[in-house]
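Student: I have a model open and some terms to sort out. Can we go through them one by one?

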2 protein chains.
Amino acid sequence: MGAVKTRRMPRAVREQQMLDAAVQIFGRRGYMAASMDEIAELAGVSKPLVYLYLNSKEDLFTACIRREAGTLAEAVRAGVRPGLPADRQLWDGLRAFFAHTAGHPHGWTVLHLQARTHGERFAAEVAALRAEIVAFVTRLIAAAAREAVPPAPGCVRAGRDTRDGDLPDQEVTGLAEALVGAAESLAAWANTTPGVTSRQAAATLMNVAWSGLGALMEGRPWTPPAVDPAVS
Amino acid sequence: MGAVKTRRMPRAVREQQMLDAAVQIFGRRGYMAASMDEIAELAGVSKPLVYLYLNSKEDLFTACIRREAGTLAEAVRAGVRPGLPADRQLWDGLRAFFAHTAGHPHGWTVLHLQARTHGERFAAEVAALRAEIVAFVTRLIAAAAREAVPPAPGCVRAGRDTRDGDLPDQEVTGLAEALVGAAESLAAWANTTPGVTSRQAAATLMNVAWSGLGALMEGRPWTPPAVDPAVS
């Protein structure tokens with residue numbers, strides 16, 4: 001990243017280099033401790049050039065969040081092929097998610113920890129990505145519910161009388177929220193626990209989530225006890 | 001909360017009133033926008049008294065996080081009776097968790113959103129609570145795995161050869177991380193979605209999680225496809 005490279009490089013390419021460096025430094029040091037000097041040095045450019053291109057530390061951090069959120073969402077979308085059965089789509093999506101977060105640990109730290117820890121402006125950027133992923137998983141679960149064999153007539157599921165193969169919309173959204181929260185938590189754990197591969201993380205989540213969903217969709221939910229005095 | 005109450009009240013009682021007011025204001029407005037004037041007014045005390053007792057806005061916020069984390073952990077512990085079967089313990093724990101977060105929405109906002117959004121010092125307070133809850137759930141799953149019927153000799157589970165009823169430690173921790181992440185995500189969703197009760201949130205998570213765990217522990221995990229070209 002020496003002096004030779006700083007000449008005659010297109011702006012777009014150099015900006016990506018700055019973002020690469022910034023994601024690494026923000027991910028390693030945290031937003032507050034990260035220095036623009038170190039970012040410029042790692043990118044092989046002068047500090048004034050970083051400010052010229054990306055304006056401020058705040059704007060640079062925002063640009064990092066947007067890029068990392070975009071590439072993560074794109075990786076998940078690209079990993080899933082719509083024609084396949086729902087469990088295969090979910091497995092492919094999880095594999096893509098955990099492979100991407102494992103391959104971009106600093107990017108994931110920026111999105112999952114840094115962006116949420118330094119003010120509402122950054123947190124809102126991440127919330128938009130999260131809402132998109134929840135919507136994607138919601139559609140997947142709804143499709144799986146339609147594919148599933150309808151339960152016997154009059155079967156009561158989650159306190160409701162359901163006569164067709166669909167789960168109530170609200171329940172589907174809740175299941176998607178649960179899955180996304182579980183995936184976020186597991187990605188952070190997998191990235192900080194030696195010996196956990198992205199495939200293992202995805203398999204763990206499929207074990208806990210899909211087998212549960214599968215039973216639920218066949219009309220075999222876990223049944224809460226009839227008497228429940230512990231909590232009103 | 002008028003002038004009458006400000007006389008001759010024990011310090012401990014008055015401090016709790018200040019924390020009650022502060023949790024409400026922080027939860028509603030966010031840490032940055034919350035004003036010490038508003039907190040003092042809601043607590044029915046003078047602003048100098050708030051500073052005398054709790055030193056600074058930062059220290060007041062830290063005291064709020066500690067108290068809300070403590071009461072949440074205590075509510076979950078109190079909800080679970082150790083002698084019962086593992087699924088019942090988990091159900092009771094989830095019921096207690098969702099009942100507490102639903103009954104203390106501002107406290108949950110402070111813990112789940114505010115505390116993580118305003119700097120590493122506050123985030124570390126919440127991380128300690130989270131680690132305690134993950135450890136609790138890990139013990140629960142490990143106990144459930146021991147209770148479960150051992151799989152057939154030579155049965156391969158999650159790519160490993162397991163000959164006894166135990167799951168590998170790392171897998172148990174991963175399952176606990178997934179469950180806790182799912183519960184956090186669901187609590188935030190339940191608190192912001194009209195018509196979702198704490199019992200429904202707990203039932204949704206038991207459906208997706210326990211039925212999955214149940215199948216896993218009986219040696220019937222969801223099986224990843226043998227050929228998996230989508231992600232390397």
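Tutor: Start with the order of elements. Chain A reads α-α-α-α-α-α-α-β-β-α-α along the sequence. That pattern holds 9 helices and 2 strands. This is a predicted model, where local features need pLDDT of at least 70, side-chain atom pairs count only at pLDDT 80 or more, and totals for chains, interfaces and linings use all residues. Residues are numbered from 1 along each chain, chains are lettered from A and ligands numbered from 1 as written, and side-chain values use heavy atoms, without hydrogens and water.

Student: How much of chain A is buried?

Tutor: Buried residues make up 53% of its 232 residues. Buried means under 20% relative accessible area, with a 1.4 Å probe and protein chains only.

Student: Why is α8(A) called oblique to α8(B)?

Tutor: Under 35 degrees is roughly parallel, over 145 roughly antiparallel, 65 to 115 roughly perpendicular, and the rest oblique. The angle is about 135°, so α8(A) is oblique to α8(B). Residues making the contact include G174(A), G181(A) and W189(A) of α8(A), and G174(B), G181(B) and W189(B) of α8(B). Contact means heavy atoms within 4.5 Å.

Student: What is the make-up of that contact of α8(A) with α8(B)?

Tutor: It has 8 nonpolar, 10 polar and 2 charged residues. Ala, Val, Leu, Ile, Met, Phe, Trp, Tyr, Cys and Pro count as nonpolar, Asp, Glu, Lys and Arg as charged, and the others, Gly among them, as polar.

Student: What makes α3(A) roughly perpendicular to α4(A)?

Tutor: Helix α3 (residues 47-54) and helix α4 (residues 57-79) of chain A pack at about 65°, with axes 9 Å apart. That angle makes α3(A) roughly perpendicular to α4(A). V50(A), Y51(A) and L54(A) of α3(A) meet K57(A), D59(A), L60(A) and A63(A) of α4(A). By class, this contact has 5 nonpolar, no polar and 2 charged residues.

Note on methods:
Axes are lines fitted to C-alpha atoms, for helices over the stretch in contact, and angles run from 0 to 180 degrees between N-to-C directions. Helices (H or I, at least four residues) and strands (E, at least two) are DSSP runs, numbered from the N terminus. Buried means under 20% relative accessible area, exposed over 50%, partly exposed in between (1.4 Å probe, protein chains only).
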